[in-house]
Amino acid sequence: MESWQDIFLILTLILYNGAILVAAMRIGRADLPGLLKEKSSEPMVRGGASETGRPGPDSGVSLPASSSRVSGAIGAGVLASFTWAIGNILLFKAMHAPEEIETLLSGIGSFYLAGSALFAPYAFNKLSTALTGR
């Protein structure tokens, strides 16, 4: 491989990974504990509680972290990490072994399908909430 192609590959990987790091730093500033807590959509009544007695959204009472949201966050992290790693591998293979890219891409679909199962509890939670009218 010629040296200019290696330099181009290194610069491309630095640019790709730099963009990922900038995005990760922005995500790091998010209120993750607040995002993982269960949200109450029940109407408020006197005293800050909802009609069912659960704390309402503005009652100042902190609801526990939702297990379905936690599993969804873990799933998002796993799939994002996998996508980042695959991006690095594809950039490298594009310069050194382009004939191997098709083989690599044909095998990752089943991993994404399995990774999407981590979002199932969140989806079922939202579906049950929609069907019960809570």
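Tyr112 has a relative accessibility of 29%, and therefore counts as partly exposed, since that class lies between the limits of under 20% for buried and over 50% for exposed. The model in which this value was computed is a predicted one.

The search of the whole structure for aromatic pairs returns two of them. In one, the rings of Phe82 and Phe111 are 4.1 Å apart at their centres, and the pair is tilted because the planes stand at 40°, which falls between the 30 degrees below which planes count as stacked and the 60 above which they count as edge-to-face. This pair links distant parts of the chain, with Phe82 in helix α3 (residues 67-96) and Phe111 in helix α5 (residues 109-116), 29 residues apart. Phe111, at 34% relative accessibility, likewise counts as partly exposed.

Phe82 also forms an aromatic pair with Tyr112, an edge-to-face arrangement with 5.3 Å from centre to centre and 75° between the planes. Because Phe82 lies in helix α3 and Tyr112 in helix α5, this pair ties together parts that are 30 residues apart in sequence. Through these ring pairs, Phe82, Phe111 and Tyr112 are linked into a cluster.

Among contacts with a separation of 6 or more, 65% are between residues 24 or more positions apart. Of the 134 residues, 17% count as buried, while the accessible surface comes to about 9300 Å², with 70% of that area belonging to carbon and sulfur atoms.

Technical notes: Residues numbered from 1 in each chain as written. Predicted model: local features only at pLDDT ≥ 70, side-chain atom pairs only at ≥ 80, totals over all residues. Heavy atoms only, no water. Buried < 20%, exposed > 50% of the residue type's maximum accessible area, 1.4 Å probe, protein only. Contact = heavy atoms within 4.5 Å. Areas by Shrake-Rupley, 256 points an atom, 1.4 Å probe, with all protein chains shown as cover. Phe/Tyr/Trp six-rings, centres within 6.5 Å; stacked < 30°, edge-to-face > 60°. Helix = DSSP H or I, 4+ residues; strand = E, 2+ residues; numbered from the N terminus.
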